[in-house]
Amino acid sequence: MVDRPLPQNTSIISAFGLALAIFTVVLDFSVANVSIPYITGGLGSTISEGTFVITAFATGNSILLPLTGWLVRRIGLVHSILICLSGFVFASWSCGHAPSLTVLIIARFFQGMFSGPIVPLAQSILATIFPKDQRTSALAFSSAVLIVAPIFGPIVGGWISVNIDWRWIFYINIPVGIFCIFIIHQTLRKYETP
C-alpha cells in the first residue's frame with residue numbers, strides 16, 4: 001500500500017475505523033442467530049425457514065472471501081474495502097427493509113458476500129500502515145476485536161429484538177458503516193495500492 005508507515009495520528013484513526021468495520025461485520029455474522037424467532041414471527045414464516053437467514057449470510061461470505069486477492073489486484077486495497085463496506089451498508093438497509101423472508105434471505109446473502117473480504121482487507125491495511133515494530137500490536141488488536149465481536153452478537157441481537165424491533169439489528173449497521181467508510185476514505189485515500 002505505502003512504502004512508509006503513516007503518521008502516528010493518521011494510523012491510529014485509520015486503525016479505529018478498520019477495527020470498527022471488523023467489529024460490525026463479525027458481529028453481524030452472529031447477531032441474527034438469536035433474532036430468528038422475532039424475524040420469522042414478523043415475516044410470518046416458520047423457524048426452520050428462518051434459519052436460511054443465517055445460512056444465506058455464511059454462503060455469501062464464503063463466495064467472495066477467496067476472491068479478495070483478485071479484487072485487490074483489480075481495483076486496489078482501499079477501493080476494495082470501501083466498495084465492500086458500501087455494499088454491506090446497502091445490503092444491511094435491504095435486510096431491515098425486507099417485506100418477506102425471501103427478500104431478507106437474498107439481501108442477507110449479499111450482506112454476507114460484501115462482508116467476506118472486509119476482515120482480510122482491514123488486516124492487510126493494518127499490517128501496512130504501522131511501522132514494523134508496531135505491526136504485531138496492531139494485528140493483535142484486530143484479532144481481539146475478532147474474538148470479542150461474536151460474543152456481543154447474540155447479546156446485541158437479543159436486546160435489540162426484544163426492546164426495539166428485529167429490523168434494527170440490520171439498520172444499526174448503516175450509521176456505523178457510513179462512519180467507517182468516512183474514516184477510511186479520509187485517512188487512506190492517498191495511499192491506495194496500484
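**View 1. The surface and overall build of the chain.** The chain exposes about 9100 Å², and carbon and sulfur atoms supply 71% of that area. Accessible areas come from the Shrake-Rupley method with a 1.4 Å probe, and for residues only the protein chains shown count as cover. What you see is a predicted model, in which local features need pLDDT of at least 70 and side-chain atom pairs count only at pLDDT 80 or more, while totals for chains, interfaces and linings use all residues. Residues are numbered from 1 along each chain as its sequence is written, and side-chain values use heavy atoms, with hydrogens and water left out. Helices (H or I, at least four residues) and strands (E, at least two) are DSSP runs, numbered from the N terminus.

**View 2. How the chain packs.** The C-alpha atoms fill a box of roughly 55 × 30 × 25 Å along the principal axes. A compact globule of 194 residues would have a radius of gyration near 16 Å, and the 17 Å of this chain agrees with that. This radius is taken over C-alpha atoms, and the globule rule is 2.2 Å times the number of residues to the power 0.38. How much of the chain is buried? Of the 194 residues, 49% count as buried, where buried means under 20% relative accessible area, exposed over 50%, and partly exposed in between (1.4 Å probe, protein chains only). Among contacts with a separation of 6 or more, 84% are between residues 24 or more positions apart; a contact means heavy atoms within 4.5 Å.

View 3. The chain carries 9 positive and 6 negative side chains, and the centres of the two sets lie 10 Å apart. Lys and Arg count as positive and Asp and Glu as negative, while His and the chain ends are not counted. Each charge is placed at NZ of Lys, CZ of Arg, CG of Asp or CD of Glu. A search of the whole structure finds 1 salt bridge, meaning a side-chain nitrogen of Lys or Arg within 4 Å of a carboxyl oxygen of Asp or Glu. Here the partners are Asp 28 and Arg 108, at 2.9 Å from N to O. Asp 28 lies in helix α1 (residues 8-31) and Arg 108 in helix α7 (residues 101-115), so the pair ties together parts that are 80 residues apart in sequence. Both Asp 28 and Arg 108 are buried.

View 4. Start with Phe 23, a residue of helix α1. Phe 23 is partly exposed, with a relative accessible area of 25%. Leaving aside neighbours within four places in sequence, Phe 23 is in contact with Val 145, Val 148, Ala 149 and Phe 152. Now find Ser 30, which also lies in helix α1. Ser 30 is buried, with a relative accessible area of 9%. Which residues does Ser 30 contact, leaving aside neighbours within four places in sequence? They are Ala 149, Pro 150, Gly 153 and Pro 154.

**View 5. Pro 117 and its neighbours.** Is Pro 117 buried or exposed? Pro 117 is buried, with a relative accessible area of 0%. Not counting residues up to four places away in sequence, Pro 117 touches Leu 64, Leu 65, Thr 68 and Cys 84. Gly 69 is 48 residues from Pro 117 in sequence, and their C-alpha atoms are 9.0 Å apart in space.

**View 6. Ser 137 in helix α9.** Ser 137 has its place in helix α9 (residues 132-163). Ser 137 is exposed, with a relative accessible area of 52%. From Ser 137 to Ala 91 the C-alpha separation is 32 Å, and the two are 46 residues apart along the chain.
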